[in-house]
Amino acid sequence: MTKKIGLQTICTHVGEVKDEQFKGAVSPIYMSTSYQFDDVDVKRYPRYFNTPNQESLSKKIAALEHAEAGMIFGSGMAAISTTLLAFLKTGDHVVVQNTLYGGTSNFIREEFPKYGIEFSFTKGYDVADFEAEIKENTKVLYIETPSNPLLTITDLKGISNLAKAKGLLSIIDNTFASPVNQNPIDFGIDIVVHSATKYLGGHSDILAGAVACSDLHMKAIWNVAKNLGGSLSDFMVWMLERSIKTLVLRVKAQNRNAKKLAKFLSSHPDVKNVYYPGLKSHPQYELAKSQMRGFGGMLSFELNENLDALAFQKALKLIKSSMSLAGVESTMLSPYLTSHALLTQEERDSIGVTNGLIRFSVGIETKADLIDDIEQAIQQVKA
Ligand SMILES: *Cc1c(COP(=O)(O)O)cnc(C)c1O
């Protein structure tokens, strides 16, 4: 009988490359791009995603997401584009959630027409909104929960049931939750993709992506992946392995801080709206609670109309402005100028991304210092 391994042990130990030669404590890095030809099935080559470091880290990803197989990519977009292209061909149709990471949305809008792949963005994020867009030639349902930047929650069980009933494949971008807070495969979702640049990396110094799914689906993804060539160098794979060792510690600290800051902001007289799935006032709080172990480190908010969102962000001293998210340091940005800048004003309005909306990636700093920084910046803007 095999004993189930705990999450923290998976982070620390699963997928280590054993240093047989010197018995060192950490995985050695194998930088070879050339491996002896042994006339066996496994031909090692970095673009085949199977060097010792790549293969080992993929086992950690699989274990973290309760999947049979994992694969590491050169970026989140490499993981997402490869996965979608592995299951969609000319004449197929995909139903895509309306509130989506901007890069994924652009990829679909700009590239799919070239391949004759059809797509529909949902009107909302209820299961019925997905069902309404399904057509004869639909092959895939693509979701993101919690979503960027409004932290909407999509029903994992509902989507996987719908996909199974209609014979479709379900794919989720699990970046915002991280495997610490949410394991979609436990709810019947077929494929999980990650921008490992975010929580898996966690220190704002690694660009990477990951996929987790069944062996069968991974075979199909690998076949396309080796042609598209989006693999990650062994040095960065090693960096990512090192980062994931502290994933649980970091994310739990970020969950705690985010919840406290969401509460602080929602009771602040100068704050109009706070979007955080861990607040009881969030319209999908119960749904979030039923499918997440923690509510994550991301939240969004709007200041009262008389306070300028950009002036506020410029007045912050500790919290940095940043295009990216999920590092150990707290950061903020205006989605309308950054992640969602390529959408039209009309498109942004339709999904609730107002010009006053501020996305807050909560770090692991001392909570009181974050609160002080926000308070002094609000007072500065009011003065
Ligand atoms: C950043 C991000 C991506 C894209 O990942 P890259 O590593 O930048 O390619 C995809 N989805 C979500 C939710 C993200 O935050």
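This is a predicted model: local features need pLDDT of at least 70, side-chain atom pairs count only at pLDDT 80 or more; totals for chains, interfaces and linings use all residues.
Residues are numbered from 1 along each chain as its sequence is written, and side-chain values use heavy atoms, with hydrogens and water left out.

## Aromatic pairs

A pair of aromatic rings is described by the distance of the centres and the angle of the planes. Here, rings of Phe, Tyr and Trp (its six-membered ring) pair if their centres lie within 6.5 Å; planes under 30 degrees apart are stacked, over 60 edge-to-face, and the rest tilted. Searching the whole structure this way gives 10 aromatic pairs. One of them joins Tyr48 and Trp222 edge-to-face, with 5.9 Å from centre to centre and 70 degrees between the planes. This pair links distant parts of the chain, 174 residues apart: Tyr48 is in the loop between helix H1 (7-13) and helix H2 (52-64), and Trp222 is in helix H8 (residues 215-228). Helices are DSSP runs (H or I, at least four residues), numbered from the N terminus.

Phe235 and Trp238 form a stacked pair, 6.3 Å centre to centre with 20 degrees between the planes. Both belong to helix H9 (residues 234-244), three residues apart, or about one turn of the helix. Phe235 is partly exposed at 38% relative accessible area, whereas Trp238 is buried at 19%.

## A cluster and a charge

Phe107, Phe112, Phe119 and Phe121 make up one aromatic cluster. Over the ring of Phe121 sits the charged end of Arg109, 4.3 Å from the ring centre. For this, NZ of Lys or CZ of Arg must be within 6 Å of the ring centre and within 35 degrees of the ring normal.

## Around the ligand

A polar backbone atom of Gly76 is 2.9 Å from an oxygen atom of the ligand, and one of Met77 is 2.8 Å from a ligand oxygen. Asp173 has a polar side-chain atom 2.6 Å from a nitrogen atom of the ligand.

Methods:
Helices (H or I, at least four residues) and strands (E, at least two) are DSSP runs, numbered from the N terminus. Buried means under 20% relative accessible area, exposed over 50%, partly exposed in between (1.4 Å probe, protein chains only). A polar contact is a pair of N or O atoms within 3.5 Å; within protein, one must be able to donate a hydrogen and the other to accept it, and residues adjacent in sequence count only if both atoms are side-chain atoms.
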